[in-house]
Amino acid sequence: IYNVTGPVASSPLGGACKIAVLSISGEIGCHPEELARRAATHLGWHLATGTDLLDEHRLRDSAASGVEPAPSRAWPWLAASALVRLAARGNLIYSVPGGQFLLPSLAGIIRIHLTASLSFRIGAVMVDQGLDRAAARNWLKDQEAGEMQRRRERFGKTAFRSHNVDLVINASAFNVDQQWNLLECALRLRGLIPGEALSAAAEAQMLFQIRLKLARFGLTPGLDLSAARPEFSHPTEEIFAKLLDFYRIPKQYEP
């Protein structure tokens, strides 16, 4: 028996669990996805990024098609659902904006966050975007404002705190090879090399807790971000349909 303290409950295996999940986040200009790819290559673990996990264009597409998009506060639970399924396949590395706030109570997770001085990050933006220094500074300011807004909408947080992660690395002091060496050392100190996949029992329990949370938004876990519902002839039909969704029972309405 365990308490749910965040988007995913603690593993039933507790502290003895060697489920290995790695979260790599970072400030804009620090290239956390580059470190995530380097780690995935060395370790042979599954890799999930913001682009292939829950990308924003699917929200725009559903809105353009007249389908009501999922509310922002549901995003952490939808992301957690996808991550739990991936972790059940094997060891997992993910790099998603705001990812340090996901799976907060999962045993066997290490959260890495990259930071750097403003001048370093402006220089990185100049190279990445082909901008001069003034334009790069403005671009970075706009991107950071947008990221803060998304963090507020999704997690109710506006600022990053060091206690949200396990290891902070200064990207202006350590290049990506050195970052990987520090990361590998942290994994070995925690005894997570080699790690284990999330058990089927743990996956089922976590997804059950996620379904409880998503039911509040009329959603079921998965990678579909739309919350489309047919027009039911009677309210009791909608109640029953939500019950079937909760238990992941396939259905058709008036086929």
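**Figure 1. The lining of the largest pocket, by residue class.** In this predicted model, the residues that line the largest pocket comprise 14 nonpolar, 13 polar and 13 charged ones. The pocket itself has a volume of about 960 Å³. Its lining counts 40 residues, and those closest to the centre of the pocket are G26, E27, I28, P97 and E147. Helix α6 gives the most to this lining, with 9 residues. At least two lining residues each come from β1, α1, α2 (50-53), β4, α5 (118-129) and α6 (133-155).

**Figure 2. The largest cavity and the residues around it.** The structure holds 1 cavity of 30 Å³ or more. The volume of the largest cavity is about 60 Å³. Which residues line the largest cavity? The lining is formed by P97, G98, E147, R150, R151, R154 and F155. By class, this lining divides into 2 nonpolar, 1 polar and 4 charged residues. P97 and E147 belong to the cavity lining, and P97 and E147 are also among the residues closest to the centre of the largest pocket. Rolling a probe the size of a water molecule over the atoms shows where empty space is left.

**Figure 3. The elements of the chain and the open sheet.** The protein has 9 helices and 5 strands. Along the sequence, these elements follow the pattern β-α-β-α-α-α-β-β-α-α-β-α-α-α. An open sheet of 5 strands is present, in the order β2-β3-β1-β4-β5 and with parallel pairing. At its edges are β2 (46-49) and β5 (167-170), each of which pairs on one side only. On average, and with direction ignored, neighbouring strands of the sheet are turned by 20 degrees against each other. Strands of a sheet pair through backbone hydrogen bonds, either parallel or antiparallel.

**Figure 4. Pairing of strand β1 with β4 and β3.** Strand β1 covers residues 21-26, strand β4 covers residues 109-115, and the two pair in the parallel sense over 6 bridges. Within this pairing, the bridge partner of S25 is H113 in β4. Strand β1 is also joined to β3, by 3 bridges, and these two strands run parallel. Here S23 stands opposite Y94 in β3.

**Figure 5. Strand β3 and its pairing with β2.** Strands β2 and β3 pair in the parallel sense over 4 bridges. The bridge partner of A48 is Y94 in β3, and S23 also stands opposite Y94. Which way do the residues of β3 point? L92 and Y94 point one way from the strand, I93 and S95 point the other way, and all are buried.

Figure 6. T49 has its place in strand β2. Is T49 buried or exposed? The relative accessible area of T49 is 5%, so T49 is buried, the cut-off being under 20%. Leaving aside neighbours within four places in sequence, T49 is in contact with E33, S95 and V96.

Figure 7. Helix α1 (residues 32-43) lies across β1, β2, β3 (92-95) and β4. At what angle does helix α1 run to β3? The angle is about 170 degrees. Helix α4 (residues 75-87) lies across β1, β2 and β3 and runs at about 155 degrees to β3.

Figure 8. L183 lies in helix α7, which covers residues 176-189. L183 counts as buried because its relative accessible area is 0%, whereas the cut-off is under 20%. Apart from neighbours within four places in sequence, L183 is in contact with L22, I24, L35, A39 and I112. L183 and L22 are 161 residues apart along the chain, and their C-alpha atoms are separated by 9.6 Å.

Figure 9. The protein has 255 residues, of which 44% count as buried. T49 and L183 are among the buried residues. Of the contacts in the protein with a separation of 6 or more, 74% are between residues 24 or more positions apart.

Methods:
Residues are numbered from 1 along each chain as its sequence is written. This is a predicted model: local features need pLDDT of at least 70, side-chain atom pairs count only at pLDDT 80 or more; totals for chains, interfaces and linings use all residues. Side-chain values use heavy atoms; hydrogens and water are left out. Two strands pair if DSSP finds at least two bridges between them. Axes are lines fitted to C-alpha atoms, for helices over the stretch in contact, and angles run from 0 to 180 degrees between N-to-C directions. Contact means heavy atoms within 4.5 Å. On a 1 Å grid over the protein atoms alone, a cavity is a set of points where a 1.4 Å probe fits but cannot get out, and a pocket is an open set with protein on both sides within 12 Å along at least five of seven lines; lining residues have an atom within 4 Å of a point. Grid points are joined across faces, edges and corners, and a volume is the space filled by probe spheres set on the points. Ala, Val, Leu, Ile, Met, Phe, Trp, Tyr, Cys and Pro count as nonpolar, Asp, Glu, Lys and Arg as charged, and the others, Gly among them, as polar. Buried means under 20% relative accessible area, exposed over 50%, partly exposed in between (1.4 Å probe, protein chains only).
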